[in-house]
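Please look through the sequence and the model before reading the points below.

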Amino acid sequence: MNPKVKLGAMAVLAVAAMTTPTAVNAATAPADTTRTVSAEPPVFAPPDAESRSRAVTTANATLAARSEAVLKGQNEKFTLSKSIAGAHGLQYLTYTRTYRGLPVHGGDVVVATDRAGELVGSVSSGQQARITVDVTSKVDAATAAATARAQLPVVETVATPKLVVHATTTTPKLAWEVVVNGATAEAPSVLHVFVDALDGSIVDSYDDVHAGTGNSYYNGNPVTIQTSGSGSSYSMTDTTRPGLRCGGQNGATYTGTDDSWGNGSGTNLETACVDALYAAQKEWDMLRNWLGRNGFNGSGGAFPARVGLSAVNAYWNGSYTSFGRNSANTRQATPMDVVGHEYGHAIFQTSGSGGGGSGNESGGLNESTGDIFGALTEHYANQPATLDPPDYLVGEEVNLTGAGEIRNMYNPSAKGHPNCYSSSIPSTQVHAAAGPQNHWFYLLSEGTNPVGKPASSVCSGPTSLTGIGIQKAGRIYMAGLNTKTAPWTHAKARRATVAAAKSLFPSGCVEVNAVKAAWSAVNVPATSGEVSCP
């Protein structure tokens, strides 16, 4: 039976009574000056033009006042590259850094202000040391390109090398950044390689592609999705969420003579697109109504989905999501939490200063981010037990490799992944390295012994924790992610989410202390610079 799919209406905005976050005045940046306002705006409440302008003025003044703190030298310049609004209209302004005219990888600074743009909540940068490098390269661009090309077994294109200063480590270096498009043995790749411009060695690399391991079919029939067209010409394009559309692996969007899509089969690709669009549209609405974010990129934009990948896999490649099938070839990899996971990578990439840096620790946090947004989307959709009910398992419906779920957030060790943070995480495979933050998110949301949900143990500290609910936990996580800088680590994620909890919920310390307790419970301790409450 073909599910009838009709043009859907946009969701009504949720409105809640809240209070304006406590923050620091830009003119006296290091002080704990606070103000109290009686009521907060709704969760999704973008600031007006005047407030956005004030935020820029405030952020510029703050950067000038804190030039030493952000390691700004005489030969450096900051340029505002992005400004997005978060929950309750909090504003996040990202500044790129140049050194003697060269882009500085890792030198971005994110300034968070209140809704009015008058008070600064935090200033964060990934740069660890002052830049003093010579900008004269001893290795030419062609040599750097050849070195980068050799890092992938299959190469399609190599972009023109760009001279930059690499500053995510303790010793900034002059380097060529080369972007290589191709594939690894398992998946497509958009690999950024940093080649030392003095000795030709590889300084660092990271991949934009983040792959999973490993009638609607999953969401009941019929379902309503947002499409476009009229008469006898229709398209699986959602014009109300700019950039969101679905089609095959060639990038072409599926079209039809009527607005009815798929046949409900687990092997039908048009059906897979129904599931992908349905889940992506739910995730978009969740971001807006629960977390106060405007679209996947924070600026009202989305990204396409492609189905029919001939692999037991799903991935985000930096520009679109792509979904394969399970190993039995009976189901497409498009259940709600898998779709939410892949678009979670897009949210991670477009939040804060962008990316998260290289290494398995950052990669694990990125994978965990996908799992968190998958769980948030399932809980927002709140489907009945007969379909895909909200839980904290990842990919159990698709049974990707015949072993049930891919990951378990309340007990990562059930899938052989670490429950707790340790010094081995930076060398742990990225999907397994998602374990500690996934565990933290469950403890923050649900606690150790929630009613009607699985119990979860702690790694250290008090054995009993009370959760604050997944909606609050998601809002805090999103606000922390908005201040992300490379390299992203568990220690920085803790500081960012603690600060986010204080900004979002200034009237008490319940949320702040819950965030701290959950991090301590997975062995991520407090570090210098963590905000206190009260």
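In this predicted model, His490, Ala493, Arg494, Thr497, Val498, Ala501 and Lys502 in H8 meet Glu511, Val512, Val515, Lys516, Trp519 and Ser520 in H9, where contact means heavy atoms within 4.5 Å. Local features need pLDDT of at least 70, side-chain atom pairs count only at pLDDT 80 or more, and totals for chains, interfaces and linings use all residues. Residues are numbered from 1 along each chain as its sequence is written, and side-chain values use heavy atoms, with hydrogens and water left out.

**H8 and H9**
- The residues of this contact between H8 and H9 comprise 6 nonpolar, 3 polar and 4 charged.
- The axes of helix H8 (residues 490–504) and helix H9 (residues 510–521) come within 8 Å and cross at roughly 165°.
- H8 and H9 are therefore roughly antiparallel to each other (angles over 145 degrees).

**H3 and H5**
- Helix H3 (residues 269–289) and H5 have axes that come within 9 Å and cross at roughly 90°.
- This makes H3 roughly perpendicular to H5 (65 to 115 degrees).
- On the H3 side, the contact includes Ala279, Lys282 and Met286; on the H5 side, Phe373 and Tyr380 are among the residues.

**His379**
- His379 lies in helix H5 (residues 360–381).
- His379 counts as buried because its relative accessibility is 11% (buried means under 20% relative accessible area, with a 1.4 Å probe and protein chains only).
- The side chain of His379 reaches the backbone oxygen of Ala375 at 2.8 Å.
- Leaving aside neighbours within four places in sequence, His379 is in contact with residues including Trp290, Tyr392 and Ile470.

Key. Helix = DSSP H or I, 4+ residues; strand = E, 2+ residues; numbered from the N terminus. Buried < 20%, exposed > 50% of the residue type's maximum accessible area, 1.4 Å probe, protein only. Polar contact = N/O pair within 3.5 Å; in protein donor to acceptor, adjacent residues only side chain to side chain. Axes fitted to C-alpha atoms, helices over the stretch in contact; angles between N-to-C directions. Parallel < 35°, antiparallel > 145°, perpendicular 65-115°, else oblique. Nonpolar A, V, L, I, M, F, W, Y, C, P; charged D, E, K, R; others polar.
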